[in-house]
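Subject: A structure for you to explore

Hi,

Here is the structure I promised to pass on. Have a look at it first, and then read my notes below.

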Amino acid sequence: MVFSSLIFLYGFFSLSLAACALCRSRRVQNGVLLVFSLVFYAWGEPRYVLLLMFMAFASWACALGVDRAQSRAGKGLWVALAAVIDIGLIGWFKYAGLICGIFGPVPELVERIALPIGISFYTFQLLSYVVDVYRGDARAQGSYWNVLLYAALFHQCIAGPIVRYKTIDRELFGSEPRRPEVAAGVSRFCTGLGKKVLLANPCGALADAMLLADSTAADPGLLASNLQQLGQLSVLGAWLGIAAYGLHIYLDFSAYSDMAIGMGRMLGLHYPENFNYPYISRTVTEFWRRWHMSLGTFFRDYVYIPLGGNRGSFARVTLNTLAVWALTGLWHGASWNFLLWGLWFFVFLMLERLFLKKWLERLPVLSNLYLLVVVLLGWVIFRFSNLELGGMLARSLFGLNGNALSSFTDEIQLKSHAFLLLAAVLASTPVMHAVKQRAEARLREGTLAGRLWDVTVYALLPAVLLLLSTANLVGDSYNPFLYFQF
């Protein structure tokens, strides 16, 4: 079940809101949230609910062990046990095939392993909870069911944002009453829904049409024809396809975060922002401060800084950065292309640290162009697990396959999708947000103009987006969420 499905919108989520609204106490509402969250997770993978429950149990028990241990060493042993259990389980389910493949043929048992949905997200949340208890940044939760609710919250369990326990503790389990922000939450949710259905899905379909659908690219029997197709793409077609993919992956993931944040606000829960218009960045360093921010801060606080961060020699800082970006790549998937994708950004981050950033700061337009080229080439690596296919597309981007600069078919594709691409680009920049802020600053609250603005932004616009999205979802079979696979 995905957020942008009719059964979720008009069935599951509506029922969950109604059930929570009927609850008179926070404890009862949390119980209802837990039941709905487990049902949501079990909808696609019933057996892996037990895995989620076990990992939550292990983290709950280890955090209590940390809290009750008398010595620093004793506390550290409980953290180590939690890390062994959580990392061991995600290693088995996500990376066993990759590791076995290094040493020879992958055993049939390992080949049959299915990746539990959202395991990368809830594993990081549970680990951060135990570490924060160890550091004294969070209190140990006495109730196992509360830890399970924290890990399983259906708003963000499947694809983030990664929410730390200390961020949500008071709102979820504290004594102060929650203050739902229904209008703001509905507006944020519908904005995300519209971004997903009206923009991300069509961009994804265009990318598949230009660059091969995932199922086609993954079929080893079609390798020769796939290489031929990518090699014969015109330069225009190759850039159009990878640009559509770049827009798709941003709009898709940020839409999910928008919907998760909106659902939380409807119940008085404030999840962290996850994107801040990364494509307007001027350096790779800035891009990763704006892209998937909850993941970036996780690696910074729980990997980079504990390894030493910026302290020490240049060689030590380089090693720390290399470790973070190798892990960032592997976090996205158990395939060599993801590791290579992480290392691709590591190289540019180190070049910027050494000298490139100073030059880029003096060239605002060229620096953004540089960033877009680096990121789009990174998406080439990210998209294709088969490195031959990625290499063929990369050569087509620069006409190195003897391919034409453009073709009649690709020009037609560009013209027919011009308005979609323009809208997608606009949605990837802060232009509309800036317009909204300026309008709200000029229209005083309580005035007629201010009230009309509030009705438009918090009632009419969400209703229009919901209706348009619903109309597009009826009979539309193309509705994936990319980050479900991570």
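Let's start with V106. Not counting residues up to four places away in sequence, V106 touches G97, G101 and E111; contact here means heavy atoms within 4.5 Å. You will find V106 in the loop between helix 4 (72-103) and helix 5 (108-111). Helices are DSSP runs of H or I with at least four residues, numbered from the N terminus. With a relative accessible area of 27%, V106 is partly exposed; buried means under 20% relative accessible area, exposed over 50%, and partly exposed in between (1.4 Å probe, protein chains only). The C-alpha atoms of V106 and Y370 are separated by 40 Å, and these residues are 264 apart along the chain.

Before you go further, please keep in mind that this is a predicted model, where local features need pLDDT of at least 70 and side-chain atom pairs count only at pLDDT 80 or more, while totals for chains, interfaces and linings use all residues. Residues are numbered from 1 along each chain as its sequence is written, and side-chain values use heavy atoms, with hydrogens and water left out.

Next, the rings. The structure holds 52 aromatic pairs. Rings of Phe, Tyr and Trp (its six-membered ring) pair if their centres lie within 6.5 Å; planes under 30 degrees apart count as stacked, over 60 as edge-to-face and the rest as tilted. One of the pairs is F57 with Y144, which is edge-to-face, at 5.7 Å centre to centre and 70° between the planes. This pair links distant parts of the chain, since F57 sits in helix 3 (residues 48-68) and Y144 in helix 7 (residues 144-152), 87 residues apart. F57 is partly exposed at 40% relative accessible area, whereas Y144 counts as buried at 13%.

Another pair, Y279 and W291, is tilted, with 6.2 Å between the centres and 45° between the planes. Y279 lies in the loop between helix 12 (235-266) and helix 13 (284-290), and W291 in the loop between helix 13 and helix 14 (293-307), so the pair ties together parts that are twelve residues apart in sequence. Both residues count as buried, Y279 at 11% relative accessibility and W291 at 0%.

Some rings have a charge over them (NZ of Lys or CZ of Arg within 6 Å of the ring centre and within 35 degrees of the ring normal). K94 lies over the face of W331, 5.5 Å from the ring centre, and R383 lies over the face of F384, at 5.8 Å.

How many residues of helix 6 are buried? The count is 15 of the 17, so helix 6 is largely enclosed by the rest of the structure. Helix 6 (residues 119-135) reaches 24 Å from its first C-alpha to its last, close to the 24 Å expected at 1.5 Å a residue (1.5 Å times one less than its number of residues). After helix 6 comes G136, with a positive phi near 85°.

Finally, the core. A nonpolar core is a set of buried Ala, Val, Leu, Ile, Met, Phe, Trp, Tyr and Cys residues joined through side-chain atoms within 4.5 Å. The largest one has 141 residues, and F8 and W379 have the most contacts inside it. Helix 12 gives the largest share of this core, 17 residues. Leaving aside neighbours within four places in sequence, F8 is in contact with residues including F40, F154, F189 and M263.

Enjoy exploring!

Technical notes: Helix = DSSP H or I, 4+ residues; strand = E, 2+ residues; numbered from the N terminus.
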